Amino acid sequence: MKKLKVNGNLIVLTIALVIEIAAFSLLNHNFLTTVNMVNILIAASLVGLVAIGHTYLIIEGQNDLSPGSLVAFLGVLSSLLVSNGMNFGVTVLITMAAGVIVGLCNAFMVNRLKLEAFIATLVTQSVMRGFAYIICDGKSVGIMNQTFIWVGKARLLGLPFSVWLMIIAFIIGGVILAKTRFGRSVYAIGGNSQAARLAGMNPQRIVTISFVVMGLLCSIGGIVYVARMQSGQPSANVNLEFDAITAVILGGVSFAGGVGNMGGTVIGVLLIQTFNTGLNMVGIPNANFWQYVGKGGLLLIALTADYIRKVNTEKRLLAESKKAR
Amino acid sequence: MANSLEFRHITKYFPGVKALDDVSFVATGGEVLAFLGENGAGKSTLLKTLNGDYQPDEGQYLIDGAEAHFKNPHEAIEAGISVIYQERQILPELSVAENIYLGRMPTKYGFIDTRRVNQMAQRIIDDFELPISPTDRVHELSIAYQQMVEIMKSYSRENLKVICFDEPTASLSDAEIECLFRIINKLKAEGKIIIYVSHRMSEIKQIADKVAIFKDGCYVTTLDAKTATEPEMIRLMVGRDLGDIYSSLDRNKQIGDVLLEVKDLQSDEVDGVSFRLHRGEVLGFSGLVGAGRTEVMRAIIGADRMTAGEVYLEGKPIHCKAPADAQRLGIVLVPEDRKTQGILSNLSVLGNINISLLRENSNALGFVNARKEAEAADRGIQDFNIRTPSPDKKIVELSGGNQQKCIVARWMETRPKVLILDEPTKGIDVGAKSEFYHMICEFAKQGLGVILISSELPEVIGLSDRIIVMRNRKVSGEVMREEATEAKLLSLGMMEEVAK
């Protein structure tokens, strides 16, 4: 009945990604290889998981600055638990429970203490980074548990566990956002929380669920990251949330809330990670440092594009109302 | 030669509306020209395009015959055009003198010459004959004097030509209004062009020389304020005799048993309100803005916390902790402020209509059935005559009246028992208004209990079977339709203010 909606923004982003890959391929002939593409996906997997949570939160008009330190904390926690002889399955459950609790704390600060999400999660960011160091005395914790190590190494159809997790999470997250009651509520409260409440919604519950989902995504991300590195490091994943937020904004989610979709986030994540990896491969001196500059530039481009889109929409609206009369 | 300000073919568009439509007329110095029109008639928008806050899409301004164009309010002020808004635009922590000469204070050796500033300010204060000192902190002054400081700020510019007042008396007492009028007359005697926007007829008669009438963004005509009669002005403002609209309504005659009963309801904003609403009844709520009408409704549906009292729906006690509870019980509210509380501006017409139906439209897993949504949207668009090219159109692209219809459609799709309408026709055009009136009567006929909060007296009298008047957070009276007159509702709504 209804044709598949072709999203203009998504097309632009896809074209940008293709150009980016083409450019790096020209600069380094080893760039466009299966091995390298898989490596990009592996490197993207953690940012991808966190970006799913951010897609929900930013559309709701919220935010979360805690994932970087939360992932580090949960990673260290899980490696400590298995090092002390705990069964891997139970470890996963406890780590997830810890992620949920931190998510609930974020939601409590936002809903009950009425703190801005930006500030509330800044608190969590600092506190969780502190705990990440405290529980392991500041030393990284190696893992010996064979199941845990297997999770980091296992591959299906050439793709490791972490990439499959990201793909599955993107699909589930995307379907929920686009097709379900919960997804509609996310857009509604992002558009106008007060109006959504008067229309019979419970904005606080939706925000709470979203922070809890973010906590879960961080725990999964933390475990898989540790499995890949074979150790839990308290200093890991600094700035993870900024990469994820940049990807989400790049993908067309409006920082003002109410607008965006998961497809955009997928491409946003790929754009960022391709850029990071590509920059390392084209042999620029200090490439690691230039990444920061480059990511800032990407974010600036994304926000400028967002602004131009908004201005154009307003212009179109005005033009239409002129025609209407 | 007298100053003159000509508006020539001023046109301004906003998304979904033509806010100003080819407005042309001339204002002359030494006269007070009042702008009169309903809410949304374009008076404030016209002032904002004059002082550079908005840019007109078409047309131009001529000051003393020369074309003038301002990119922002600052340029307009520099050119001698000032607008005094309801919201004060002064810095409360600074002194009177500092506010008056903000940004152009005289200096001595690079430091501000405080003594001279105060002397200069004192001269203006003397001109205005006000009992304040240049060194007073502005936040310590009454609202009226704060407003005077703003006027003095404009006055202190030597090239002041045009001074516009946007509803200046809204928060002033009678004595303060006297003082304001004295100053306006002084400015008038000096040959300034004075534009005065107000809703209050009596005031306009008192202060204005001429009245420019606006309707739906168009300039209608200019009358002589002293000879024009009130009915004449209202007729021109509204464009037709509203009496006709009300008498042509097909009202519900069969009022049923008690549907909703509220006993001694209290909240942070309401002190002990009780009333009954019957099936098929339109119950009006009248009173001044801020009397607590909206707050009563918000407490009933659980948008605000109810601190004491009882609410019964069909005889059963209910207690709503959130609007979601009220919706499940069948009590719904179309809020007063459509933009901030009604529409979800990022969603389409379809999304807006269906937002309260998510439960009905989705399966056990939470998946939303797109076909059901499309059907509900089509039904709403048809039943309520929503003018939109497609259900997928963003709601903000519709006119105010059509946005409001979407909100009503949203709620009617949930099949409510009690429909609360808070100022449903605010800021919508006359045509859509009459559609709303017919809808309200239709709802009553279907057996709904309708609560209509309205500040427009003819509207509340014309539609309601019974009217409850609120004053100062309490019910101050109840009037049956047959006995309702504007004077009676006004006196019930304002008694204390009058007595003061």
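Let's start with contacts in chain A between residues at least 6 apart in sequence: 78% of those join residues at least 24 apart. Contact here means that the C-beta atoms of two residues, placed from the backbone, lie within 7 Å. Before I go on, this is a predicted model, so local features need pLDDT of at least 70 and side-chain atom pairs count only at pLDDT 80 or more, while totals for chains, interfaces and linings use all residues. Residues are numbered from 1 along each chain as its sequence is written, and chains are lettered from A and ligands numbered from 1 in the order in which they are written.

Okay, chain A overall. You've got 13 helices and 4 strands there; those are DSSP runs, H or I over at least four residues for helices and E over at least two for strands, numbered from the N terminus. Of its 325 residues, 47% count as buried, meaning 20 or more other C-beta atoms lie within 10 Å of the residue's own, with C-beta atoms placed from the backbone. The C-alpha trace spans about 75 × 55 × 40 Å along the principal axes of chain A.

Now zoom in on two helices of chain A. How do α7 and α12 pack? Helix α7, residues 161-179, and helix α12, residues 262-281, sit with their axes 9 Å apart, at an angle of about 150°. Axes are lines fitted to C-alpha atoms, for helices over the stretch in contact, and angles run from 0 to 180 degrees between N-to-C directions. So α7(A) and α12(A) are roughly antiparallel, the word for angles over 145 degrees. On the α7(A) side you'll find A:Phe170, A:Gly173, A:Gly174 and A:Leu177, and they meet A:Met262, A:Gly263 and A:Val266 of α12(A).

Over to chain B, which puts 29 residues in contact with 29 residues of chain A. On the chain B side, β2 (17-28), α11 (323-329) and α12 (338-342) each supply at least two residues.

Chain B also has an open sheet of 4 strands, in the order β14-β13-β16-β17, with antiparallel pairing. Strands pair if DSSP finds at least two bridges between them. β14 (270-278) and β17 (316-318) of chain B are at the edges with a single partner strand each, so one side of each has no neighbour in the sheet. Between β13(B), residues 258-267, and β14(B) there are 7 bridges. In β14(B), B:Arg276 is the bridge partner of B:Glu261.

Last one: what lies across β13, β14 and β16 of chain B? That's helix α10, residues 293-301, running at about 105° to β13(B).

How values were computed: Angles under 35 degrees count as roughly parallel, over 145 as roughly antiparallel, 65 to 115 as roughly perpendicular and the rest as oblique. A residue is buried if 20 or more other C-beta atoms lie within 10 Å of its own, exposed if 12 or fewer, and partly exposed in between; C-beta atoms are placed from the backbone.
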